[in-house]
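Open the model in your viewer and keep the sequence panel beside it. Each stop below gives a selection, then what is there.

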Amino acid sequence: MRFDIVTIFPGMVAEAAKAGVVGRAIERGLVTVKAHDLRDFTTDRHRVVDDVPYGGGPGMVLKPEPLFRALDAIEAESGRKPLVLLTSPQGTRLTQAVVERLSRQPQIVLLCGRYEGVDERVRSRVDEEISIGDYVLSGGELAALVVVDAVARLVPEVVGDEESVAHDSFSRGLLDFPHYTRPAEMSAGGGEQATLRVPDVLMSGHHAEIRRWRKREALLRTLERRPDLLEGAALDDEERAWLREHGGRADS
Ligand code: 9D3
């Protein structure tokens, strides 16, 4: 799968993409991430990518022609029509369902918004606008990297078996269960006398019991922290019974 990211910070984007799971996927040839410098698609001496808004007001607007030329160049280079996304606060909220849909594309172009916004005419070349949530970023680069990270994980073989994608909390519709590693006991620290212990069940070797404990913890933690997720989760009889015990609505 190929990602082309058009940005005024190509160095930041290229560097970030090298890290972690996505970086390894690039090395293994499973994913390609190319950062394009928007300034390379300007035609003036000063490589200007922004201008004042028509109608007045604060801030600057990304000029349309460099973005159009960048898209033309990317489409000419790949010889196909990639899906074109614009990162924007007005976009569709990125969810795992959106990520799954995007992961079926062979090529995605991400145009990173900056300044006060992007000239509205750019939207004539955009298939979809994507927001990563209701908070204000100073530009679309971090949002584009979030899209790449979440989508690349779903490309076959990018994530190894031990990190299993199928069991990811959001794929199941519930939050994850608690994790522990060694040591089995440790001081709480912070001047406290208390001991922090790993739950006995996890060290019992009873795999069926461990599975059941994790399933229950995941469910009750979801009820506690993200009850909204329970609406969309596919629960079995045992899970519905646990919810009833804990005063949750068990009609899902
Ligand atoms: C403070 C400026 N705002 C005036 C009402 C509008 C505004 C313009 C540009 C707010 C943010 C931005 C830059 N943000 C993005 O380009 C962006 C973004 C975001 O801010 N939040 C969540 N997802 C995204 S995707 C792109």
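Helices (H or I, at least four residues) and strands (E, at least two) are DSSP runs, numbered from the N terminus. Two strands pair if DSSP finds at least two bridges between them. Now show β5 with β8 (residues 128–131): they run parallel, joined by five bridges.

This is a predicted model, so local features need pLDDT of at least 70 and side-chain atom pairs count only at pLDDT 80 or more, while totals for chains, interfaces and linings use all residues. Residues are numbered from 1 along each chain as its sequence is written, and side-chain values use heavy atoms, leaving out hydrogens and water.

Five bridges join β6 to β5, and the two run parallel. Leu83 stands opposite Ile108 of β6. Follow the chain from β5 through α4 to β6: this β-α-β crossover is right-handed. That term applies if, with the strands pointing away from the viewer, the path from the first strand over the helix to the second runs clockwise.

Select Arg123, in the loop between β7 and β8. Its side chain makes a polar contact of 2.9 Å with that of Glu120. A polar contact is a pair of N or O atoms within 3.5 Å; within protein, one must be able to donate a hydrogen and the other to accept it, and residues adjacent in sequence count only if both atoms are side-chain atoms. Beyond its neighbours within four places in sequence, Arg123 is in contact (heavy atoms within 4.5 Å) with Leu86, Ser88, Gln90, Val118 and Glu129.

Move to β3, β4 and β7. They form an open sheet in the order β3-β4-β7, with mixed pairing. The edge strands are β3 (50–51) and β7 (117–118), each pairing on one side only. Between β3 and β4 (residues 61–62) the pairing is antiparallel, over two bridges. Asp50 has Leu62 of β4 as its bridge partner.

Now the nonpolar core. This means a set of buried Ala, Val, Leu, Ile, Met, Phe, Trp, Tyr and Cys residues joined through side-chain atoms within 4.5 Å. Buried means under 20% relative accessible area, exposed over 50%, partly exposed in between (1.4 Å probe, protein chains only). Which members of the largest core touch the most others? Select Phe3, Val31, Leu102 and Leu110, out of 31 residues. α5 gives the most to this core, with seven residues. Center on Val31: leaving aside neighbours within four places in sequence, its contacts are Met1, Phe3, Ala25, Ile26, Ala152, Val155 and Val158. A second, separate core has 17 residues, including Phe41, Val49, Val84 and Val126.

Show the ligand. Ligand nitrogen atoms lie 3.1 Å from a polar backbone atom of Ile132 and 2.8 Å from one of Tyr135. A backbone N or O atom of Leu137 is 2.8 Å from a ligand oxygen.

Finish with the backbone. Arg182 and Pro183 are joined by a cis peptide bond, with omega about 5 degrees. Tyr115, in the loop between β6 and β7, has a positive phi near 55 degrees. Glu157, in the loop between α5 and α6, has a positive phi of about 80 degrees. Tyr115 is partly exposed at 35% relative accessible area; Glu157 is exposed at 60%.
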